[in-house]
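Biologist: Could we go through this model together? Please begin with the terms, and then take the structure piece by piece.

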Amino acid sequence: NLRFSGIQYVSGYWFSRDRFSQIDLLFIREDKMLTVCEIKCEGKLQGKKIIEAFEKNLISLKKQFPNYGIQRILILASCETVPETLKQYFDKIIYADEFFN
């Protein structure tokens, strides 16, 4: 649960052609927050690599939405072992079965 059910939003994927950036799932919320979701289906999570790629994408996203706050969400396909770096970086980690149910 992302805990913004009472707030109006639009959602979908996002990309920037000029910067080659892509966000898997983005919620643009009426309360001037962006809920940015990274979705991973791999077995072994490489924390540093995931964070670096996510940060690169956030740079482009913040240029388009300069006055918005950011909520970082990691959605995982299964119960992989999550590195501590990811637990500290993301605001919330959700497993796909609980997200889509």
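Modeller: Two strands pair if DSSP finds at least two bridges between them. Helices (H or I, at least four residues) and strands (E, at least two) are DSSP runs, numbered from the N terminus. This is a predicted model, in which local features need pLDDT of at least 70 and side-chain atom pairs count only at pLDDT 80 or more, while totals for chains, interfaces and linings use all residues. Residues are numbered from 1 along each chain as its sequence is written, and side-chain values use heavy atoms, with hydrogens and water left out.

Biologist: Which way do S3 and S4 run, and how many bridges join them?

Modeller: S3 and S4 run parallel and are joined by eight bridges. Within that pairing, Thr35 stands opposite Gln71 in S4.

Biologist: And how do S1 and S2 pair?

Modeller: Strand S1 (residues 9-16) pairs with S2 in the antiparallel sense, over seven bridges. Ser16 has Ser21 of S2 as its bridge partner. The two strands form a hairpin with four residues between them, and Phe20 in the turn has a positive phi of about 55°.

Biologist: Back to S4. Why is it described as largely enclosed?

Modeller: Seven of the eight residues of S4 are buried, so the strand is largely enclosed by the rest of the structure. Buried means under 20% relative accessible area, exposed means over 50%, and partly exposed lies in between (1.4 Å probe, protein chains only).

Biologist: Is Arg72 buried or exposed?

Modeller: Arg72, which is found in strand S4 (residues 69-76), counts as buried because its relative accessibility is 17%.

Biologist: What does its side chain meet there?

Modeller: The side chains of Arg72 and Tyr89 are joined by a polar contact of 3.1 Å. A polar contact is a pair of N or O atoms within 3.5 Å; within protein, one must be able to donate a hydrogen and the other to accept it, and residues adjacent in sequence count only if both atoms are side-chain atoms. Leaving aside neighbours within four places in sequence, Arg72 is also in contact (heavy atoms within 4.5 Å) with residues including Phe54, Glu55, Phe90 and Asp91.

Biologist: Several aromatics there. How many aromatic pairs does the structure hold?

Modeller: There are six aromatic pairs. Rings of Phe, Tyr and Trp (its six-membered ring) pair if their centres lie within 6.5 Å; planes under 30 degrees apart count as stacked, over 60 as edge-to-face and the rest as tilted. The rings of Phe54 and Tyr89 have centres 5.9 Å apart and planes at 90°, so this pair is edge-to-face. Phe54 in helix H1 and Tyr89 in helix H2 are 35 residues apart, and the pair links distant parts of the chain.

Biologist: Which residues do the ring pairs link into a cluster?

Modeller: The cluster consists of Phe54, Tyr89 and Phe90. Tyr89 and Phe90 are edge-to-face, at 4.9 Å centre to centre and 85° between the planes. Tyr89 is buried at 16% relative accessibility, and Phe90 is buried with a relative accessible area of 4%.

Biologist: Next, the core. Which residues touch the most other members?

Modeller: In the largest nonpolar core, of 19 residues, those are Leu26, Leu34, Val36, Leu58, Leu61, Leu86 and Phe90. Two or more residues each come from strand S2 (21-29), strand S3 (33-40), helix H1 (47-64), S4 and helix H2 (84-89). H1 gives the largest share, five residues. A nonpolar core is a set of buried Ala, Val, Leu, Ile, Met, Phe, Trp, Tyr and Cys residues joined through side-chain atoms within 4.5 Å.

Biologist: What does Leu86 contact?

Modeller: Beyond neighbours within four places in sequence, Leu86 contacts Leu45, Gly47, Ile50, Ile51, Leu74 and Ile93.

Biologist: Changing topic: how many disulfides are there?

Modeller: The count is zero, a disulfide being a pair of cysteine sulfur atoms within 2.5 Å. For Cys37, the nearest cysteine sulfur, that of Cys41, is 13 Å away. Cys37 is buried at 0% relative accessibility, whereas Cys41 is exposed at 65%.

Biologist: Finally, where is Glu30, and what does it touch?

Modeller: Glu30 is found in the loop between S2 and S3 and is exposed, at 61% relative accessibility. Not counting residues up to four places away in sequence, Glu30 touches Ile7 and Gln8.
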